[in-house]
Amino acid sequence: MSHDFHIPKDVLITVAGTVGVGKSTLTAALAARLGFRTSMEKVDQNPYLEKFYHDFERWSFHLQIYFLAERFKEQKAIVEAGGGFVQDRSIYEDTGIFAKMHADQGTMSKTDYETYSSLFEAMVMTPYFPHPDVLIYLEGELSSILNRIRLRGREMEIQTDVSYWEHMYERYAKWIEEFNACPVLRLNIDEYDATDEASLDEIICQAAEIIQASRARRSK
Ligand SMILES: Nc1ncnc2c1ncn2[C@@H]1O[C@H](COP(=O)(O)OP(=O)(O)O)[C@@H](O)[C@H]1O
Ligand SMILES: Nc1ncnc2c1ncn2[C@H]1C[C@H](O)[C@@H](COP(=O)(O)O)O1
């Protein structure tokens with residue numbers, strides 16, 4: 001057990017939510033508090049992301065394949081290490097939010113989407129791919145999230161039309177209602193402070209309860 005928190009040392013906690021909501025910040029804070037490792041989304045080294053924001057149609061497929069490969073490698077490393085990780089964004093969001101959104105709005109072709117989806121199914125939707133023990137879903141007011149995107153200052157995101165973020169925000173709200181691949185803890189971004197230990201401990205206690213209940217169910 002990780003001391004004090006009753007969280008087994010082998011768990012995988014994944015932090016999910018729309019762009020700018022606070023995933024990376026909470027991932028780092030929770031991992032530090034738990035003594036876990038992080039699996040972070042690496043934006044600066046991504047060779048397609050900036051190109052993608054300038055031309056969705058041209059780069060959607062390349063970007064999705066890149067993200068799929070990166071997340072799969074991370075997932076493999078987590079399994080090989082025996083867990084004990086907090087992960088910044090789930091692989092389910094790549095397909096359930098991003099790829100689907102671009103396919104639906106016509107910025108990823110039907111054929112590319114089918115190719116991507118069949119690769120995703122073959123890689124991810126198998127018994128060999130462990131689901132997270134808990135997915136912490138971050139949600140909040142769109143205006144606060146847009147503000148955070150602006151404050152963070154990634155030019156490619158700031159230059160992107162606000163309608164893109166509005167659309168993504170709506171998709172996330174529907175997606176989480178139907179999500180059932182693993183247990184979920186929903187957190188409102190106005191109701192915690194990632195810089196405050198007591199606030200983090202409260203989140204960890206809630207996650208611990210969910211993990212214990214789901215492991216107890218599985219062991220029956
Ligand atoms: N709890 C918080 N309160 C205030 N600002 C925050 C909080 N969490 C994150 N931020 C800020 O919001 C921006 C986006 O956060 P980030 O963690 O990078 O989001 P994501 O990983 O979901 O895209 C960053 O500038 C970050 O410093
Ligand atoms: N699967 C994805 N498709 C398109 N864009 C994606 C995908 N995953 C992440 N992104 C983008 C969104 C942001 O610009 C950066 C990082 O995401 P963040 O939510 O800020 O961690 O990558």
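1. Asp94 is buried, since 20 other C-beta atoms lie within 10 Å; here a residue is called buried if 20 or more other C-beta atoms lie within 10 Å of its own, exposed if 12 or fewer, and partly exposed in between, with C-beta atoms placed from the backbone. Asp94 belongs to helix α4 (residues 91-104), where helices (H or I, at least four residues) and strands (E, at least two) are DSSP runs numbered from the N terminus. Leaving aside its neighbours within four places in sequence, Asp94 is in contact with Gln64, Phe67, Leu68, Arg71 and Ala99, contact being taken as C-beta atoms, placed from the backbone, within 7 Å.

2. On provenance, this is a predicted model, in which local features need pLDDT of at least 70 and side-chain atom pairs count only at pLDDT 80 or more, while totals for chains, interfaces and linings use all residues. Residues are numbered from 1 along each chain as its sequence is written, and chains are lettered from A and ligands numbered from 1 in the order in which they are written.

3. An unreviewed UniProt entry lists Glu41, Tyr53, Gln64, Arg89, Asp94 and Glu157 under "binding site"; the positions follow the numbering used here, feature names are shortened, and such annotations may be inferred rather than shown by experiment. Among these residues, Gln64 is also one of the contacts of Asp94. Tyr53, which the same record includes, lies in helix α2 (residues 49-54) and counts as partly exposed because it has 18 C-beta neighbours inside 10 Å. Leaving aside neighbours within four places in sequence, Tyr53 is in contact with Met156 and Thr160.

4. Ligand 1 is surrounded by 13 residues, of which the closest are Gly22, Lys23, Ser24, Thr25 and Arg148; a residue counts as near a molecule if its C-beta atom, placed from the backbone, lies within 6 Å of it. Two or more residues of this shell come from each of α1 (23-34) and α6 (142-152). By class the shell divides into five nonpolar, five polar and three charged residues, where Ala, Val, Leu, Ile, Met, Phe, Trp, Tyr, Cys and Pro count as nonpolar, Asp, Glu, Lys and Arg as charged, and the others, Gly among them, as polar.

5. Helix α1 has 12 residues and reaches 16 Å from its first C-alpha to its last, close to the 16 Å expected, the expected span being 1.5 Å times one less than the number of residues. Its buried residues are Lys23, Leu26, Thr27, Ala29, Leu30, Ala31 and Leu34, and what covers them includes β1, β2 (37-39), β3 (85-88), β4 and α9 (197-219). After α1 comes Gly35, whose phi is positive, near 70°.

6. Strand β3 is covered on both faces, with Phe85 and Gln87 buried on one side and Val86 and Asp88 buried on the other. Strands are said to pair if DSSP finds at least two bridges between them. β3 runs parallel to β1, to which four bridges join it, and Thr14 stands opposite Gln87. β3 also pairs with β2 in the parallel sense over three bridges, with Phe85 as the bridge partner of Arg37.

7. Strand β4 (residues 134-139) is mostly covered, five of its six residues being buried. Four bridges join β4 to the parallel strand β1 (residues 12-16), and β4 pairs in the parallel sense with β5 (residues 184-188) over five bridges. Tyr137 of β4 is the bridge partner of Ala16 and stands opposite Arg186 in β5.

Methods. Two residues are in contact if their C-beta atoms, placed from the backbone, lie within 7 Å.
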